[in-house]
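I open this notebook to record what I looked up in one structure.

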Amino acid sequence: MDNNRKTKNTVKNSLVYLFFLFCQVGLFAQSDKITLEAASSDPTLVVRGNELSVESVNQFDDKVFIKTTDSKLDFPITGVLIDKNNLVIDVFVNQLIDCSKITDGNYLVAVQVSKNAAAESFFKSHFKKKDVVKLRKNGNISNLKEILGHQSAQLKIDRDKFTTVYEKQFIVNCELINKSAGNKYQVVVSNQNGQKAIQNKLTLNCKLQKGVNYINIVLLENSQKISEENLVVFCKDKDAAESKIKVLWIEQFPNAKVLTNRVAVDSMLKNAKIAGFTHLVLDVKGPEGYVSYRKNNLSHSPYFTNTSNPNKKIADDGFDLLGELTDGAKKSGFKMFVSFNFFTEGNVTTQDYAVLKSHPEWEEMVQRPEDKGQILKISESKVGQEAKQGKRVALAFVNPANPEVVDFQLLRVKEVLDNYAVDGIVLDRTRFDNFYADFSELSKNKFAEYLKQKGKKLDNFPNDAFSIDSEGKMVEGKHFIDWITFRSTLIKDFASKVRKVVNEYKASAKPNLQLAAYVGSWYETYYQNGVNWASSTFKYNPVLGFPESKFYSAEYSKTSYVDNLDFIMIGTYYKTDKEIAKYVTLGNILLDGKIPVSASLSLPDLNDSERRIAIKSAFKNSSGLMIFDLCYINWPEFLDQIKGIQTIKN
């Protein structure tokens with residue numbers, strides 16, 4: 001297709017879509033619940049954000065509405081402008097706005113000022129520029145087109161957009177809906193020759209290659225393109241349906257109150273064996289900085305019985321949790337891994353710090369919207385002050401750019417490997433707190449050095465990275481993308497140092513020692529934490545719909561830390577098969593088959609029926625299953641919930 005014709009068709013398709021949006025006016029069906037999900041304030045703690053009900057489209061009264069056209073509004077609104085990839089472009093509070101930006105798939109979700117106080121409050125408190133939000137229909141992630149409904153002819157297909165399979169034949173069943181009498185319809189599929197006529201139904205047989213497959217299905221009406229569907233399918237070799245691991249995560253403090261003696265440890269191990277778990281992961285360094293082992297001759301980190309939090313206080317009788325658990329795990333045939341909350345050293349909410357008070361210079365310096373451009377320690381920021389008042393949970397992260405911080409974490413790894421027969425290390429919280437760290441003088445100097453190596457100069461910090469203006473909005477600087485890449489480079493460098501330690505012990509006393517990582521599955525926003533857990537061979541495709549595609553350059557690919565890992569666990573903390581399958585498939589694509597990917601589930605977020613669905617979906621689509629956490633398991637119930645995976649066929 002020549003460029004001129006392609007441009008004409010693109011314009012025509014855009015006009016058809018805009019006409020479709022313009023024609024939508026009215027209330028949503030009472031049977032449908034439409035919500036706008038705000039970004040979670042901390043997706044590492046709570047994945048799903050708060051939701052606001054949306055009740056109408058292009059109809060303006062006292063209800064929360066979606067506006068899809070650029071027609072003028074003659075009244076002030078409070079709301080958010082969102083782009084087609086669900087990135088918040090702007091936030092409006094009591095403003096008359098220019099609606100010309102509602103174009104090219106952008107849409108406004110808002111309410112008239114003084115018409116709905118609760119909705120106005122929600123918008124003011126839950127949205128910031130650069131947030132990534134979600135539209136949901138009846139609880140499932142949706143999109144604007146699906147929510148507004150189909151007015152013209154469309155293909156209804158029986159496959160979810162994201163799928164992982166083990167067969168190279170992929171069958172797609174299509175149904176033509178809303179067709180017009182007398183018109184002719186054809187289907188065109190990428191990588192298949194010719195057009196296929198469709199009257200009512202059509203079955204497509206798509207041949208897959210190993211790895212990621214992007215299948216584009218176009219519907220033609222009288223030889224003109226009127227709609228398309230994109231499927232993203234990751235095809236694994238049948239050999240990849242290997243013996244899947246089942247990991248039981250054991251968080252530090254909740255379980256330390258129960259696993260207080262060898263009898264309790266052995267009882268847990270017996271149940272875990274019946275459930276089919278193969279690996280155990282014990283938090284040996286919790287977020288406050290306390291450790292779960294006694295032999296701390298290098299770091300001298302205090303044991304968790306030294307906590308100052310009365311709700312976590314445990315009598316100290318000399319029990320060594322890691323020692324006893326490792327001994328029992330070996331006798332019971334488990335692989336024993338240990339996780340470190342590497343870059344957290346305290347809890348601001350409970351004011352509990354194992355070592356940070358002795359090293360106050362380690363604490364992260366943040367530039368947050370709430371502080372309107374001030375650079376403060378997290379404990380001194382508005383978020384920190386609210387945490388101290390018990391209004392929110394906030395952890396005290398330390399700066400990964402600080403060599404003293406890095407060296408101290410490595411001491412903990414070494415003392416565990418010196419003194420305990422563990423099978424592997426897990427990187428946890430090996431990241432920056434969020435988008436707003438770290439803006440210390442040390443980070444400034446490191447960033448300047450990083451830019452200098454690229455022939456660039458830091459003229460104004462933090463503005464050259466980004467700044468927060470007086471309204472609390474982010475303003476990107478001239479080196480914004482370099483700042484994103486710089487932070488990921490720091491995390492990669494740390495992972496490489498841990499890998500070096502692991503390799504040293506592999507070469508001597510622990511030949512089978514492994515290094516793994518836990519990360520959130522929401523890679524599309526994980527750049528905010530300074531972590532690139534995709535393979536360096538991952539190539540971004542716009543079909544994936546990431547909100548900030550500009551980051552995924554060849555330079556950013558170099559910051560991948562995957563070559564340091566033996567396997568990875570991704571937090572698929574969702575409730576539906578569709579969402580879990582999407583994020584596991586995305587994980588498979590991002591890792592490009594380089595290392596096994598295990599889906600992870602958070603039990604407290606799921607009821608009984610949701611657990612059954614999630615366990616099956618996670619285990620079916622990934623290389624294993626991680627369960628968070630032991631403390632949420634009722635063994636008789638869990639054994640019933642997990643037994644379904646024994647019958648899953650790959």
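**Annotation and domains**

I began with the UniProt annotation "domain: Glycosyl hydrolase-like", from an unreviewed entry, which covers residues 245–535. UniProt positions follow the numbering used here, feature names are shortened, and annotations may be inferred rather than shown by experiment. I note that this is a predicted model, in which local features need pLDDT of at least 70 and side-chain atom pairs count only at pLDDT 80 or more, while totals for chains, interfaces and linings use all residues. Residues are numbered from 1 along each chain as its sequence is written, and side-chain values use heavy atoms, with hydrogens and water left out.

Over residues 245–535 I read 32% helix and 18% strand, with the end C-alpha atoms 21 Å apart. Helices (H or I, at least four residues) and strands (E, at least two) are DSSP runs numbered from the N terminus.

I then took up the domain assignment, whose bounds come from an automatic or database source. It gives domain 1 (34–148), domain 2 (154–235) and domain 3 (245–346 + 399–433 + 487–642).

**Domain 2 against domain 3**

The C-alpha centres of domain 2 and domain 3 lie 39 Å apart. I found 11 residues of domain 2 in contact with 14 residues of domain 3, contact being heavy atoms within 4.5 Å. The area buried between domain 2 and domain 3 is about 1200 Å², and carbon and sulfur atoms give 63% of this; buried area is the accessible area (1.4 Å probe) that two parts lose on being put together, summed over both. Phe162, Tyr214 and Phe234 supply 51% of the area that domain 2 buries against domain 3, more than any other three residues.

How many salt bridges cross the interface of domain 2 and domain 3? I found 0, a salt bridge being a side-chain nitrogen of Lys or Arg within 4 Å of a carboxyl oxygen of Asp or Glu. On the side of domain 2 that touches domain 3, strands E12 (162–165), E17 (211–221) and E18 (224–235) each supply at least two residues.

**Salt bridges**

My search of the whole structure finds 37 salt bridges. In one of these, the side chains of Arg48 and Glu37 meet at 4.0 Å, N to O. Arg48 is in the loop between strand E2 (34–37) and strand E3 (51–53), and Glu37 is in strand E2, 11 residues apart.

**Backbone geometry**

Most residues other than glycine have a negative phi, and most peptide bonds are trans. I therefore logged the exceptions.

- The peptide bond from Ala437 to Asp438 is cis, with omega near 0 degrees; Asp438 lies in the loop between strand E26 (424–428) and helix H9 (441–453).
- A cis peptide bond also joins Phe461 and Pro462, with omega about 10 degrees; Pro462 is in the loop between H9 and strand E27 (466–468).
- Asn94 has a positive phi, near 55 degrees, and lies in strand E7 (residues 88–95).
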